[in-house]
Amino acid sequence: MRGAARVTGGRAGQLWPRPPVPGAGPPPPLLLLLAVLLGGAGAQYSSDLCSWKGSGLTHEAHRKEVEQVYLRCAAGSVEWMYPTGALIVNLRPNTFSPSRGLTVCIKPFSGSSGANIYLERTGELRLLVQDGSSHAGQVQCFSLEQGGLFVEATPQQDISRRTTGFQYELTSGRRGLGHTLSAPCRPCSDTEVLLAVCTSDFVVRGSIQDVTHVPERQESVIHLRVSRLYRQKSRVFQPAPEGHGHWQGRILTLLECGVRPGHGDFLFTGHMHFGEAQLGCAPRFSDFRRTYRDAEERGLNPCEIGME
């Protein structure tokens, strides 16, 4: 295994206490979880634990093992080949700062199969990603205070072609359970817009050229023509082929927001998640200019941006 602490045996890694009765189904996920909670679990952390890769073939076939995985990093991945039994994935930031106020987002790998992924808190389970779901690649976010991840293998006749995996990110701020992207489907307040200009990974002025809806991921892809590039941390926006100082790029938002192409300039802000630009606040540029000028006159601008 690479880049993670694997804890099995004794108090840290608990085993389902008895072989299954012939003909009986697998133990419910809550019972597997209780086997760990009742036995306790020892914590093992390392300052560079970002990703974990393991195999269910290390488990004895007649036992239902629950394995503890400890990751301490802002971003990484979990890859579980030939899943059997269950995993408890403990995520923490790679700092000494408290985890309060942190959000966890997970994005299952394309083709991930063989296990269900739950949000677990004090023995209660809530399904996040169902094995075989058509929305398996959808991003799911929750507050770290809401709980941790419990990954349970589903019964399979043949596990040889099964691999469960996902990327994860820990970020500051709050998003509700099940929210796939950072952008709400509501206009941002003036204060939110001004803060977004200062803190976003990208800030551009432009117009919507086209929108592609992706129902299976509950996302919409917005294709932008950019007339002014204020900031970008990744090369999301590239010079347009026709030149003339224009740029082009694409960003994501929620399908339920109902974005459509149209006329007019907007100020687009947002953050990078899992290598994709995701929309934050996007006021009409004329409205933003008025808000910015008003805050500037009163000395309330949290940062400066060129408005010429």
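**Close-up 1. The Cys50–Cys73 disulfide in the predicted model.** Cys50 and Cys73 form a disulfide. Their sulfur atoms sit 1.9 Å apart in this predicted model. The torsion about the S-S bond is about 50°, so the link is right-handed. Cys50 lies in the loop between α1 (29-39) and β3, and Cys73 lies in the loop between β4 and β5. The pair therefore ties together parts that are 23 residues apart in sequence. Cys50 has a relative accessible area of 23%, so this cysteine counts as partly exposed. Cys73 has a relative accessible area of 11% and is buried. The structure holds four disulfides, and two others, Cys105–Cys141 and Cys198–Cys303, have their own views below.

**Close-up 2. The Cys105–Cys141 disulfide, between two strands.** The sulfur atoms of Cys105 and Cys141 are 2.0 Å apart, and the two residues form a disulfide. The torsion about this S-S bond is 105°, and the link is right-handed. Cys105 belongs to strand β7 and Cys141 to strand β10, so the bond ties together parts that are 36 residues apart in sequence. Both Cys105 and Cys141 are buried. The two strands also pair directly: β7 and β10 run antiparallel and are joined by four bridges. Within that pairing, Val104 has Phe142 of β10 as its bridge partner.

**Close-up 3. The Cys198–Cys303 disulfide, linking distant parts of the chain.** Cys198 and Cys303 form a disulfide with sulfur atoms 2.0 Å apart. Here the torsion is about -100°, so the disulfide is left-handed. Cys198 is in helix α2 (residues 190-199). Cys303 is in the segment after α3 (285-297). Cys198 is partly exposed, with a relative accessible area of 26%. Cys303 is partly exposed as well, at 22% relative accessibility.

**Close-up 4. Thr291 and its contacts.** Thr291 is placed in helix α3. This threonine has a relative accessible area of 14% and is buried. Which residues does Thr291 contact, leaving aside its neighbours within four places in sequence? Asp190 and Leu194 are the contacts in question.

**Close-up 5. The open five-stranded sheet.** Five strands form an open sheet in the order β3-β5-β12-β7-β10. The pairing is mixed. Strands of a sheet pair through backbone hydrogen bonds, either parallel or antiparallel. Which strands stand at the edges? They are β3 (51-55) and β10 (140-143). Each has a single partner strand, so one side of each is left without a neighbour in the sheet. On average, neighbouring strands of this sheet are turned by 15° against each other, direction ignored.

**Close-up 6. Strand β11 and its two antiparallel partners.** β11 is mostly covered, with five of its six residues buried. β6 pairs with β11 in the antiparallel sense over four bridges. In β11, Leu149 stands opposite Val89. β8 also runs antiparallel to β11, and six bridges join these two strands. In β11, Ala153 is the bridge partner of Ala115.

**Close-up 7. The nonpolar cores.** Nonpolar side chains tend to be buried together in soluble globular proteins. The largest nonpolar core here has 26 residues. Leu71, Ile106 and Leu149 have the most contacts inside this core. Several strands give two or more residues to the core, among them β4 (65-72), β5 (75-81), β6 (86-92) and β7 (102-108). Others include β8 (115-121), β9 (124-129), β11 (148-153) and β12 (163-172). A second, separate core has 16 residues, including Phe266, Phe268, Met272 and Leu279.

**Close-up 8. Confidence along the chain.** The average pLDDT of the protein chain is 79. Of the residues, 75% score at least 70. Where does the pLDDT fall below 50? One such stretch is residues 35-48, which has 28 contacts in the model beyond near neighbours in sequence. Another is residues 174-183, with 42 contacts in the model beyond near neighbours in sequence.

How values were computed. Residues are numbered from 1 along each chain as its sequence is written. This is a predicted model: local features need pLDDT of at least 70, side-chain atom pairs count only at pLDDT 80 or more; totals for chains, interfaces and linings use all residues. Side-chain values use heavy atoms; hydrogens and water are left out. A nonpolar core is a set of buried Ala, Val, Leu, Ile, Met, Phe, Trp, Tyr and Cys residues joined through side-chain atoms within 4.5 Å. Buried means under 20% relative accessible area, exposed over 50%, partly exposed in between (1.4 Å probe, protein chains only). Two strands pair if DSSP finds at least two bridges between them. Axes are lines fitted to C-alpha atoms, for helices over the stretch in contact, and angles run from 0 to 180 degrees between N-to-C directions. pLDDT is the predictor's confidence in each residue, from 0 to 100. Contact means heavy atoms within 4.5 Å. A disulfide is a pair of cysteine sulfur atoms within 2.5 Å.
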